[in-house]
Amino acid sequence: MLRARNKFGALVSDAGKKAIERSLRYPSPEFAGNPLIRKLARNLVHAEWRRRLDEIDFPYTDEVITIGGVSCARFTAKPARPKAKASERLVIHLHGGAFIAGSPWINAACVLPSLHLTGAQGLSIDYALSPEAKFPRALDEIETVYRAQIESGREPRKIVLFGDSAGANLALSSMIRWRDRGVPLPGGAVLLSPTTDASCGSDTTLTQTSVDPIISGLGKAGFTAMYDLYAQGEDVLNPLISPAFADITGLPPLLIQVGSREVLLGDAARLAQKARRSGVEASLQVFDGMFHLFQMHWSMPEAKYAHEDIASFIDGLD
């Protein structure tokens, strides 16, 4: 893992510059098929993500629960501005980690601030990771937990999916699958830096590699390996694996956030374009000078702005 040495954007805050200087590039999944290397890589990135919890400056609780045999974390955060409407909502979080790393507790810094700002309840799914699990097991587990919420009497429109990176892929693919199966859809979805195309067809996969301080080291070979480990023999262009190629007609409102210095900028832009052309309400927010999942750095003003926008989106859903 190499320390990022890219120049900063002109308007990046001092806290943002420090975060970039201290961040480590994600290791490539090319060698994650080796159990020993996979364990070492997971330990490295997990330690990095856990440190983000040190930036959380408000009280929160987490509880391990099991829903339909699937392990989950139930999060509550002290509301910054309690609202009866928001407190009725449930945010279901799907963590990132290239399908092969992460957990609700390791990635919690990505979603806790939005729970804090809205007063919403949080439920993060500890879905099975690849390559130990094969597609579509993660989608199956996510659906089990989601259906259980509806069967318990919760209104689907009061549920918001919240996915980051590979978790955003899983959120999008899940909604496509539920639509096709006649399962009521959630009220909306927050998608942070979604990866949507196993073919790496987005232009920024090439153009942003010199300025992305976090995931540029993956390159096309790394993304290909990531999707191959997840798909394990299935066609990686399957719309439930690469939702860039899916029909997304009928999906609920989407809030898509991404940084301007990300190789996944193109995936986010293409998704927003597809949504609008499909009649899906979508808002694309590009944060100048920001890097992959900067929203985890709660001490940064840019992260606070991002979560305030997320909170406004959640509060504005019917």
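F99 is buried, with a relative accessible area of 2%, where buried stands for under 20% relative accessible area, exposed for over 50% and partly exposed for values in between (1.4 Å probe, protein chains only). The model is a predicted one, in which local features need pLDDT of at least 70 and side-chain atom pairs count only at pLDDT 80 or more, while totals for chains, interfaces and linings use all residues. Residues are numbered from 1 along each chain as its sequence is written, and side-chain values use heavy atoms, with hydrogens and water left out.

F99 is found in the loop between β3 and α4; the helices (H or I, at least four residues) and strands (E, at least two) named here are DSSP runs numbered from the N terminus. The backbone of F99 has a positive phi of about 70°, although this residue is not a glycine. A98, which has its place in the loop between β3 (90–94) and α4 (112–118), likewise has a positive phi, near 60°, in a residue other than glycine. A98 is buried as well, with a relative accessible area of 18%.

Rings of Phe, Tyr and Trp (its six-membered ring) count as a pair if their centres lie within 6.5 Å, and the pair is called stacked with planes under 30 degrees apart, edge-to-face over 60 and tilted for the rest. By this rule the count comes to seven aromatic pairs. One of them joins F135 and Y230 in an edge-to-face arrangement, at 5.7 Å centre to centre and with 75° between the planes. This pair links distant parts of the chain, for F135 lies in the loop between β4 (121–125) and α5 (137–151), whereas Y230 belongs to helix α8 (residues 219–231), 95 residues apart. F135 counts as buried at 8% relative accessibility, and Y230 counts as buried at 2%.

The peptide bond from F135 to P136 is cis, with omega near 10°, and P136 is found in the loop between β4 and α5. A cis peptide bond also runs from S130 to P131, with omega near 5°, and P131 lies in the loop between β4 and α5.

A ring can also meet a charge, which is said to sit over it if NZ of Lys or CZ of Arg is within 6 Å of the ring centre and within 35 degrees of the ring normal. The charged end of K304 sits in this way over the ring of W298, 4.3 Å from its centre.

Turning to the nonpolar interior, a core is taken as a set of buried Ala, Val, Leu, Ile, Met, Phe, Trp, Tyr and Cys residues joined through side-chain atoms within 4.5 Å. The largest such core has 106 residues, of which I125, L170, M175, L191 and L254 touch the most other members. Helix α6 (residues 166–181) gives the largest share of this core, with eight residues. With contact taken as heavy atoms within 4.5 Å, and not counting residues up to four places away in sequence, I125 touches a set of residues that includes V70, C72, I92, L94, I142 and V145.

The cysteines call for a separate check, in which a disulfide is a pair of cysteine sulfur atoms within 2.5 Å. By this rule the count comes to zero disulfides. For C110 the reason is distance, because its sulfur is 17 Å from the closest cysteine sulfur, in C72, too far for a bond. C110 is buried, with a relative accessible area of 0%, and C200 is buried with 13%.

Helix α1 (residues 14–22) has G16, A19 and I20 as buried residues. They cover an arc of only 95° around the axis, which puts them on the same side of α1; the arc is that of the directions from the helix axis to the C-beta atoms. The buried residues of α1 pack against α10 (301–316), whereas the face of α1 turned away from its buried side carries the exposed residues D14 and R22.

A last stop is T204, which is found in helix α7 (residues 204–207) and is buried, with a relative accessible area of 11%. Not counting residues up to four places away in sequence, T204 touches T209, E262, V263, L264, L265 and G266. The C-alpha atoms of T204 and G182, 22 residues apart along the chain, are separated by 35 Å.
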